[in-house]
Amino acid sequence: MIEASKNTPWFKGWEVKSRKVDASGITVKEAVDAFYPPEYPTNKPLRLPLQDVYKIRGIGTVPVGRVETGTIQAGMDVTFAPCNLTTKVMSVEMHHETLTKAVPGYNVGFNIEDNVSYEELRRGYVAGDSNNDPPRKVESFDAQVIILNHPGTISQGYTPVLDCHTAHIACKFSKLKEKIDRRSGRRLEDAPKSIKSGDAAMITLIPQKPMVVEPFASYPPLGRFTVRDLRQTVGVGIIKAVDYQKVSG
């Protein structure tokens with residue numbers, strides 16, 4: 001574990017060479033020391049899905065959630081989607097300690113100005129920087145879906161529940177665009193009438209309630225989901241393209 005053992009002469013050690021790491025050693029301690037810390041997406045616009053919203057006497061409305069991309073700090077303007085409400089962050093805290101800035105991976109609570117009330121926010125909403133690609137409500141989105149376990153066939157009009165970030169919303173399979181090979185992505189059939197367990201397909205989905213999602217290529221935590229039905233996980237999916245709601249005016 002910590003020092004090389006004389007009882008394992010057969011073990012010649014380990015070696016890792018990659019773009020970021022070039023290390024070798026014998027012990028577990030050396031292996032742990034060679035771990036390369038992950039790079040957090042702080043350079044991307046803020047995306048913070050809400051896990052809950054609290055109303056605290058003497059403080060006001062405090063949304064709580066995990067920073068997925070970007071950073072959040074006191075004084076910045078944030079927009080909540082899909083409700084399209086904008087307010088200012090008054091303070092940011094984690095574990096009862098005030099932060100100057102919260103980065104991806106931090107579970108934080110942040111106090112906001114009282115122009116947005118407790119009743120107007122809920123779990124599944126997403127906060128973003130008002131001045132840098134704020135989140136928006138979606139009309140529909142195209143996703144690559146793999147059906148893992150369903151007792152029958154799935155056709156156009158099927159409406160399961162999608163779990164995407166903290167949102168839990170029913171989405172209609174509006175159009176089965178094409179059936180594809182689940183490993184290579186190669187197109188197998190255009191406009192299939194139905195799909196079943198083991199199949200993968202490109203599907204257009206329409207949320208049945210206001211929802212915020214993003215393409216996986218831009219915001220991975222908001223671009224993947226599970227398909228839930230029959231009290232089980234029916235499938236999984238990756239969002240490829242999003243049709244955002246047009247902003248009037």
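**Pockets, cores and domains**

Student: What volume of space lies in the second largest pocket?

Tutor: About 240 Å³ of space lies in the second largest pocket, and please keep in mind throughout that this is a predicted model.

Student: How do you know which residues line the second largest pocket?

Tutor: A lining residue must have an atom within 4 Å of a point of the pocket, and 14 residues line this one, with Arg122, Arg123, Ile169, Lys209 and Pro210 lying nearest its centre. By class, this lining has 8 nonpolar, 3 polar and 3 charged residues.

Student: Which domains does the lining of the second largest pocket draw on?

Tutor: The domain assignment of the chain gives domain 1 (47-129) and domain 2 (138-244), and the lining of the second largest pocket takes at least three residues from each of them.

Student: How many residues of domain 1 and domain 2 are in contact?

Tutor: Contact requires heavy atoms within 4.5 Å, and 11 residues of domain 1 are in contact with 10 residues of domain 2, while the domain centres, taken over C-alpha atoms, are separated by 29 Å.

Student: What is the volume of the largest pocket, and which residues are closest to its centre?

Tutor: The largest pocket has a volume of about 330 Å³, and of the 14 residues that line it, Val62, Val64, Glu93, His96 and Gly109 are the closest to its centre. Strands E4 (60-66), E6 (85-94) and E8 (107-112) are the elements that each give two or more residues to this lining, and E8 gives the most, with 5 residues.

Student: What makes a set of residues a nonpolar core?

Tutor: The members must be buried residues of the listed nonpolar types, joined through side-chain atoms within 4.5 Å, and buried means under 20% relative accessible area. The largest nonpolar core has 26 residues, of which Phe141, Ile203, Leu205, Val213 and Phe225 touch the most other members. Among the strands that give two or more residues to this core are E10 (138-147), E13 (167-180) and E16 (200-207). A second, separate core of 21 residues includes Leu50, Phe80, Val89 and Leu99.

Student: Which residues does Ile203 touch, leaving out those up to four places away in sequence?

Tutor: Ile203 touches Phe141, Asp142, Ala143, Val145, Phe173, Lys175, Leu176 and Ile195.

Conventions
Residues numbered from 1 in each chain as written. Predicted model: local features only at pLDDT ≥ 70, side-chain atom pairs only at ≥ 80, totals over all residues. Heavy atoms only, no water. 1 Å grid on protein atoms, 1.4 Å probe; cavity = no way out; pocket = protein on both sides within 12 Å on 5 of 7 lines; lining within 4 Å. Points joined across faces, edges and corners; volume = space filled by probe spheres on them. Helix = DSSP H or I, 4+ residues; strand = E, 2+ residues; numbered from the N terminus. Nonpolar A, V, L, I, M, F, W, Y, C, P; charged D, E, K, R; others polar. Domains from an automatic or database assignment. Buried < 20%, exposed > 50% of the residue type's maximum accessible area, 1.4 Å probe, protein only.
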